[in-house]
Amino acid sequence: MVDNNIVQSLGAGSGIDTKNLVKQLVEIERSAPQQRIDTKRELRETQISDFGKIKSALSTFQASAAALIKPEGLFSKSASFTDSNVIVPTSLDTKVAPGTYKFTVDTLAQSQTLASGEYTSVDDAVGTGTITFNFGAWDGATFNTNGGSPAVPIVIDSSNNSLKGLKEAINDAKMGVTASIVNNGSGYVLSINAQAGLNHQLKIDVDEGATAPENTDSIGLSRFAYDAAIAGFTTQKQIGTDADLTVNGLSVTRSSNTITDLVEGLTLDLLKSAPGETVSITVSDDKTFAKQTTRDFVDAYNALLTELEPVIGFDKENDKRGSLSNDALAKSIVGQMRNIFASGVPGMSENAVFTALTNLGIRTELDGTLTIKDEEFDKAFSDRFEDIQKMLAPAKASSNSGILVNSFGKQTEAGEYDVQITTHPRRGYFTGDQVVAGFPLDSTGKDYSFNLNVNGVATNLITLPADAIYANETELAGAMQSAINGDTHLKEVSTTVTVAFTNGAFVITSGKYGSASKIDVASSTGDAIDDLKLAAGNGVAGVDVAGTINGVAGFGTGQVLLPKLGEKAEGLTMIVSEFADSGTVNFSRGVSGQIDTLINNFLQSNGLISERVTNLTRDVTEATDKEKQLDRRMTAYHERLMSQFIAMESIINGMNGSGDFLDNLFSNLPFTSKNR
């Protein structure tokens, strides 16, 4: 009721449109602060959007910088080779040393193939028992066990007692042996294929136990046994052999026709044997690809400038300055990049030939863009390609070949570091007693078995091949090494040992460095103690490397030396050899690495741009809060004006009432009455 009275009273006395007047006065009062709020909020929202554009442009440019960092960018190789159907290179990575490699393939590797007799059906029973696959090499009728490939037993019982069941059991064992059933036209034959190679041939033993039939030549699982010394039901169709070839005149053998470990980084497929035919493969640096990758980097930088100009410079499309033209952070992005291009690369050795882009014929123009002087550019790649690689890509160098810089971290600062080795790394080892047995050594009737603890891992019982004749100590040491490294427990943890005969005793040495490296003999048979002199006992533990980097003690584990956390060299991983003493290590990120690091500083989730956007977002929130405050202030101002105008109308109404009273009074007074 009061509100209605107020509304009705507005303008009732004065005749003024009070409501509209109050509205206009409030709008006038609000106009200036509202404009300031809107202008600031609009600017901040535009700046947030433009920082998003900067992040997108930087990400695109960073991809071009990353292309130079990756080995494929500047270290790619190309290969030309003799047109041949004998050998073909199938893979070429950046580790291949440039040069010409000459190959001759004398024989191909092939797998041993065995075949059973015929069966009328794949469901025919084959007998029960245990069939054991032994791996090694046949030398006539003598089988030499491959110590690196333990025997695999397979149980055949009522659940898989069929030709098909035997095939599936062999394949399910996943031991590198493939079984298949072939219909030869008159029956079904089980074909067994071993892995290719001389030392992957098979000797198949069968134990039928109490179920063995009387006539094992015609029935029972024993029909699948294979022994080259005894003609049986299972016959050999193809012998297993190694590939014999030469590389640059050096004779080598491999168990596979796909070769990955002959030339580092080069994978070869041997297609056929061709004694006397030489295939040449020439590997060279792919400078054409490297040049194009570098040109792409320059083009990407110029494209980045084009993207940033409307944001941090002058926006020609809208004929105004960009929203971030006065923003110090945004303006610093291009400035810091230009500084990288113009300055020398930190961390490069003093004798570095190329230290800045200008050495490649890459110039900075007045507008900030980069241009390539083709003649200088091509000559640099032709004459100084290795120097270009060191300048553009991250580079690691050491004055001591025994101190290898393996990796670096994001926090590693470019620079030169003095490394002093105070404790050399060592591997754990076990030394047996003096061997008195003469050679050749005949193991017939002997049991050379023992258990080891290698780096804290207990082995199975390790047994050397029985009934073997070892010509000398070196041959016996090799057999011991193969048998130990073939242990399944050691294989599970990728642990190996080396065995050597030194100063009249067998020495077993761990492949691992450091205090966790140790070899103990847990137990031995009498023959191993008597002939090999491997009595149970503890070995000598290894030693962790220790040293300083720029005078500050680092952290050593095994043969890996790491700088102390918080030091400039933090993140460098150095692998130290047993005899390295000191050296100077250089690390530089190269031009591309510096650009990549700079962009990461801007783009990472807690980076500079993210922090700036957070502050801008806070400004937008504050503008909204100020607008709410302005709303409350204007509401109060509106109510105050309304109250004032209500009071005015009340006064005017009172005055109007007094005027009417006086008019009536004057009308009734003598001498003033209109009726007189």
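Predicted model: local features only at pLDDT ≥ 70, side-chain atom pairs only at ≥ 80, totals over all residues.

Student: OK, and which residue does the Lys291 side chain meet in a salt bridge?

Tutor: Asp378, with 2.9 Å from N to O. Lys291 belongs to helix α5 and Asp378 to helix α7, so this pair ties together parts 87 residues apart in sequence.

Student: Is Asp378 buried, exposed or partly exposed?

Tutor: Partly exposed, at a relative accessible area of 32%.

Student: What does Lys379 pair with?

Tutor: Lys379 has a salt bridge to Asp383, and their closest N and O atoms are 2.8 Å apart. Both residues sit in helix α7, 4 residues apart, which is about one turn of the helix.

Student: Why does that spacing work for a helix?

Tutor: An α-helix has 3.6 residues a turn, so residues three or four places apart point the same way. As for accessibility here, Lys379 is exposed at 53% relative accessible area, while Asp383 is partly exposed at 46%.

Student: How many salt bridges are there in the whole structure?

Tutor: A search of the whole structure turns up 17. One of the others links the side chains of Lys203 and Asp205, at 2.8 Å from N to O. Lys203 is buried, with a relative accessible area of 18%, whereas Asp205 is partly exposed at 31%.

Student: Which residues of α8 are the buried ones?

Tutor: They are Phe385, Asp387, Ile388, Gln389, Met391 and Leu392.

Student: And what covers them?

Tutor: The cover includes helices α3 (71–74), α5 (287–312), α7 (374–383) and α12 (590–603), plus strand β16 (278–285).

Student: New topic, sheets. What's the strand order in the open sheet of 3 strands?

Tutor: The order is β24-β31-β30, and the pairing is antiparallel. The edge strands, β24 (427–431) and β30 (497–502), each pair on one side only. On average, neighbouring strands of this sheet are turned by 25° against each other, direction ignored.

Student: How many bridges join β30 to β31?

Tutor: There are 6 bridges between β30 and β31 (residues 505–513), which run antiparallel. Among the paired residues, Phe501 has Phe506 in β31 as its bridge partner.

Student: Which helix lies across β30 and β31?

Tutor: Helix α9, residues 473–485, and it runs at about 160° to β30.

Student: What about β5 and β6, what do they form?

Tutor: A hairpin, with 2 residues between the strands. Gly140 is in the turn and has a positive phi of about 70°. Strand β5 (residues 129–139) and strand β6 (residues 142–145) run antiparallel and are joined by 4 bridges. Asp139 stands opposite Thr142 in β6.

Student: Zooming out, how many helices and strands does the protein chain have?

Tutor: The chain has 13 helices and 38 strands. Its radius of gyration is 44 Å, well over the 26 Å that the globule rule gives for 676 residues, so the chain is more spread out than a compact globule. Along its principal axes, the C-alpha trace spans about 165 × 70 × 55 Å.

Student: And what share of the residues is buried?

Tutor: Buried residues make up 40% of the 676 in the chain. For contacts between residues at least 6 apart in sequence, 71% join residues at least 24 apart.

How values were computed. Residues numbered from 1 in each chain as written. Heavy atoms only, no water. Buried < 20%, exposed > 50% of the residue type's maximum accessible area, 1.4 Å probe, protein only. Contact = heavy atoms within 4.5 Å. Salt bridge = Lys/Arg side-chain N within 4 Å of Asp/Glu carboxyl O. Pairing = 2+ DSSP bridges. Axes fitted to C-alpha atoms, helices over the stretch in contact; angles between N-to-C directions. Rg over C-alpha atoms; globule rule 2.2 N^0.38 Å.
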